[in-house]
Amino acid sequence: MLTPDVSDHDVLMVSDLRLSGGTTASMAEEIRAHAAAGYRTALLHVNSSLTSKTLGISAHLSTLIDDGLATLVLPGDTVHARHAIVRHPAVAQDLVEPLRTVTVDGVSLIANHPLLDAEGTAQYDPGLATERLAGCFGHDPLWRPIGPVVRRQLADRSDVPLAGDDWRNLIDLEGWFTPRDGARNTPVIGRHSRPHWTKWPNRGEDILAAYPDSADVRTRVLGGADPARAVLGKVPRHWLVEPFGARHPSGFLADVDFFVYYHHPGWVEAFGRNIMEALASGAVAILPEHFRETYGEAALYAPPQGVAEVVSRLCADRAAYRAQSKLGRDLVAARHSYPAHVDRLDALIGPPSTGGAARPSRRRKVERARVLFVSSNGTGMGHLTRLLAMANRASDRIEPFFFSMSSAVPVVARYDYNWEYCPSRDDLDVDAREWNPFFARRFADVVRRYRPRALVFDGTWPYRGLGEARELFPDLLYVWSRRAMWKQGHRTDPLEKSEWFDLVIEPGEFAAAADQGPTVSRVDARRVAPVTLLDRSDVLSREDARAELGMDPHEKAVLVTLGGGNAHDLGPDLEAIAAAMHRRPGWHVYATRPPIARATQDHAGLRSISVYPLCRSLAAFDVAVVACGYNAYHESILAGVPTIFVPKTKVTDDQHARAHYADATGVGVSVDEVSVAAIDKAMDRLLEPATIERMRARCEELYPGNGAADAMASVERLLTERGVIG
């Protein structure tokens, strides 16, 4: 008989809860299946040798704990479960102390990793794993392989009590499936995995055969391509690569026709959860032959050099494509669905218990309002950086989360924010008719999964999918961070979308007096001071900045930063500036390479630097030549660096007016175009005796302060007024 202080559960899941890959993803799916069927689940964390990083609980699991679908067992908790399910033999090996307050009626050890690698080296000690589990729980474990590859390696071991059936991973079919009528005219080949060398072929010819660098197909990679870059020397031009964790694989697979997965020949893949996910989505999987014993007729098999023929054949035969897609879905439904798992659990421990309710987890759920910060990509990082400036000034009542079309979005992780990436039209190389539905699906998926209470959009043009989502999520509050300083005569139809938003915030302009664009006459915005990521107090001194950048304390240095991304070829501009400075002996020219840039542009006479946020180190430079975009303009004035401002013409904002206003007020020098003569003349003005100090003083005198905190406070006031936060 259990005492009232004992927390009683049906299942105790034991693993290293910090892992971010397939182990915790599979555990999360099982927890959801348990909850739907009425089984109660507890989670026990074990620090294992599988990772040396100090990490929190995997996001796969932490949300389920917060939502009450699983209870986290903390040290000292008295817990009883009808059965313990331990994932990974290496975790079992690291259970060195008896669990005196945790009792179970039986133990299963899920062998989700092969015993031997391709060279025959043992990856764990089965005897030790069995011994440790018996010592901790008082029961000998029954080993349950994840699939035939692992079963074959363990079959002849006398120290492995092997179950008669495999413990197959499971998946929620409804949450993954996307109907397909056939492959697209330009087929999409995709793959997703962790960015580890074992997950990629080790020969360049195999990589390019499986994943072509061609305009005839679209090759999409989720999970990063650094291992491929290491083999090929570059990432192929026609690939679209998204970082690991940039978005949920279900959304990625929805836009893939063929899931093609080839890995290192020295890696033994125990199961391939990513393959199961692809089959569940309806994509056709093309795999190496050794996966046949696991997936049978559900996939197609070929060497890398045979991928093109398989793709071509099924693109030409829509009926054959549909039939192969159905074979994959049917196998997943039969072996890996929630009902299949519940039947397995019922056979193991019987139906869900009917005892008293489990004691609530001691993990305190912090009641914060999740705010989704959504940025367009633009040509640089301005939209993303303004949102980051706001998020950094949120109170503890707010939980920021980022959803961005900027490939630089991983920088927000430096500030401990979660994020997802959505490729832009340019990244996907599609027109608006194809991209808008894609964005709408991705956005709706993110809102459903993360359940934000408000979104803050920073961009010139609110996307159609944002408007459509208002009907799907009527309680979601909408905020538009809408930059001013639009050019005269610019199309104004985006401004009519202001009616979608509960609040419009206008980040201020230092050059507001020169603004003659269409936003000036509008009264629908809450205006704040210029929004910058850093405050003046965050900017390093000249000495500290130079030390951090590794510069000579006494050198004369000019910074050139002409764009935040991939807008155009900067080569001629950089060469003109380098030539102008070459006429001034003793000057060193530094050119920025922003995080969003896809390629490095090296030019003689220039030193490349890549640092974010750049503003923190601006004082290292005596003078600068800066593109007159919103962020760079205001950061240069904030840091007090004497600057030549270079306006761009093919943009929405009136950069010429901005640059001329800086010139008129004495905080900078403007040029209308970059040429050797123009830069030479501007430098003559900038480097006149006393000009530098006078400009620094004017920047100090005229800069109006940072409006980021005020902008974020406006968002929080909206949430308070609507009863979202107290």
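**Getting to know a predicted protein model**

Q: What pLDDT does the protein average?
A: This is a predicted model, where local features need pLDDT of at least 70, side-chain atom pairs count only at pLDDT 80 or more, and totals for chains, interfaces and linings use all residues. Residues are numbered from 1 along each chain as its sequence is written, and side-chain values use heavy atoms, leaving out hydrogens and water. The pLDDT is the predictor's confidence in each residue, from 0 to 100. In this protein 93% of the residues score at least 70, and the average is 88.

Q: How many contacts beyond near neighbours in sequence does the stretch 355-366 have in the model?
A: Over residues 355-366 the pLDDT is below 50. Where pLDDT is low, the predicted coordinates should not be read in detail. Counting a contact as heavy atoms within 4.5 Å, this stretch has, beyond near neighbours in sequence, 25.

Q: What radius of gyration does the protein have?
A: This value is taken over C-alpha atoms, and the globule rule is 2.2 Å times the number of residues to the power 0.38. For 726 residues, a compact globule would have a radius near 27 Å. The protein agrees with that, at 29 Å.

Q: What percentage of the residues is buried?
A: Buried means under 20% relative accessible area, with a 1.4 Å probe and protein chains only. Of the 726 residues in the protein, the buried share is 56%.

Q: Among contacts between residues at least 6 apart in sequence, what percentage joins residues at least 24 apart?
A: Here we look at contacts in the protein between residues at least 6 apart in sequence. The share joining residues at least 24 apart is 72%.

Conventions
Buried < 20%, exposed > 50% of the residue type's maximum accessible area, 1.4 Å probe, protein only.
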